[in-house]
Amino acid sequence: ETEWLWPCCTAFCSDRIVEHRASLADCFALMLQSKKSKGEVVRSSYGDGHDADQVAAMLRDSDPEVIAAGLDACAGMGEEGMWFMHEVVRHMGSNAKAVRSSAANALGAFGSESMQHADKLVKGLADEAEEVRVACIVALGNVGVDSEAQRIADLISDSSPAVSAAACQAIGSLGEPGESYAGLVAKKVDDLQTRHAALVALANLGSRQHIADIEKCLTDEDSITRHTAASALGSLADAVEPAAVDRVVGLLTHDDIGVRCSAAMALGYLGDKAAPHTDKLAALLDDTSEDTSEMHLQIGGGSSRSPPTARYPKCAALIALGMLHAEAHAGACAMCLGDDSYEVRLCALECFSNMGDAGRKRSNDIAALLDDSTYFVRMKACECIGALKAEDAMTSLPELFEDKSPSVKIAALNALAECPQVAESFSNEVVKCVSDHVPLVKAAAVNLIGALGVTGRCYASVVASLLVPGPNEEPPVVRAAACEALGQMGEYGAAFADDVAWCLEADSGAVRASAEKALELMGNIEETRHLGITDLGGGECE
């Protein structure tokens, strides 16, 4: 019953499928009811103004831990977080270092909008608390305070690894103004404690002259550093010489399992440059080893589990082959759909998502995983079918509307939305999902109804009923979806323009934005009508 909650929570999300982002409204409200969880409020993925009142209350709380959590929530709220700019700036003067640090992070998250308060961040560079200095350095980079580039660059040589790493990160965030300091950043690649930050900075700076410094990190002991190096090479692919590609290919047979994984991913990121080497990549599909070198960190709670592409060469090869659109190896990849490991099956599905025609030819094998015992796999199978627009497999998706996992229901609805002409045959089943108790499922169903064209317009009144305001009104994610769906329904949706207009006063920025977008579409319909054009492509409901 509570499976839909965990994607909202940091404590659970780290070890789950990475692309699922749920609304935090209900989760956040539950957390606020207990002081025990005050510091565990999710500090990311905030975009829902429904929680503005709770955040405002947190910023006024007397407990520094609660204030810090509220500031971190602001940092993740995007535009809505800027409503609290004055409060955030005020907390830069707090006596609690955790609060000052979180306030600096929030200003950094607001980007250039915080430029008027850059002086507060500059002042923070002299703060007695290292964590505050670090936060201010990173924030200056995110805000784009170019005038402080030299001062930040000087901190790259700071004796504190944390400060040095923050300076590298900030220089990378500055873009062109930071390019002249790439050499200083590159030197920090040799320092174990600053290596990762330096790698990220070099990638952001597009530093072609330091490709060798990035390449040597593919054999690092740390899996995150290796993956960052692989990704950084990909971002500079057009400058990577054939000899460097050959060296990466050579790492596919390295003694270290993790290095083989990183080499495979690097080839995937390199794209066309690695295309001639897909046979060597495919050889890793027979590699059944697993890198367990970091398991002690997971058991001790020091780190979340590494992704399968960092632990299984087979998984890394599958993802890389998909990235390279290696259709010639589709048969070997299909064998992995039946692997005993659910993580391998997941990666095989992701691989086929990028295979185009070769993937569609395997639609029956992919559809077989809609009955998998692991709901992650069922969800990914839906996503794969949607990405491929495999119409023959889509007819099986409505069966998943009754799945016990809300994530699977959402994935099935979203996949059907990729081919509305198929979904039209299952409109009754889709409408039933509007009554689902999970808001995200309900929103996905509404989105699909909006994409159904003539058939969807027959349900305009059902969708409009979700906009009714009041103490029992639908969650913002549902109301926003309803506004957008009505905006796609031509004259049928325009009949409820007044209902949509009320949403312009909603607390949620997402609802207001959706309402504005829908009304704009409805306005175009009115203009067309005044011009005497009556054929709006609306058709008639059957």
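This report covers salt bridges in a predicted model.

## Overall count

The model holds 24 salt bridges.

## A buried pair: Asp 291 and Arg 226

Asp 291 and Arg 226 form a salt bridge through their side chains, with an N to O distance of 3.7 Å. Asp 291 sits in the loop between helix H17 (278–282) and helix H18 (295–299), while Arg 226 belongs to helix H14 (residues 223–235), so the contact ties together parts 65 residues apart in sequence. Both Asp 291 and Arg 226 are buried.

## Within one helix: Lys 380 and Glu 383

Lys 380 pairs with Glu 383 in a salt bridge. Their closest N and O atoms are 3.4 Å apart. The two residues lie three apart in helix H25 (residues 375–388), so about one helical turn separates Lys 380 from Glu 383.

Lys 380 is buried, at 12% relative accessible area. Glu 383 is partly exposed, at 30% relative accessibility.

## Between loops: Lys 389 and Glu 418

A salt bridge joins the side chains of Lys 389 and Glu 418, at 3.2 Å from N to O. This pair links distant parts of the chain, 29 residues apart. Lys 389 is in the loop between H25 and helix H26 (391–394). Glu 418 is in the loop between helix H27 (406–417) and helix H28 (420–423).

Lys 389 counts as partly exposed, with 42% relative accessibility. Glu 418 is also partly exposed, with 37%.

## A network

Salt bridges also link Glu 290, Arg 305, Arg 311 and Glu 343 in a network.

Technical notes. Residues numbered from 1 in each chain as written. Predicted model: local features only at pLDDT ≥ 70, side-chain atom pairs only at ≥ 80, totals over all residues. Heavy atoms only, no water. Salt bridge = Lys/Arg side-chain N within 4 Å of Asp/Glu carboxyl O. Helix = DSSP H or I, 4+ residues; strand = E, 2+ residues; numbered from the N terminus. Buried < 20%, exposed > 50% of the residue type's maximum accessible area, 1.4 Å probe, protein only.
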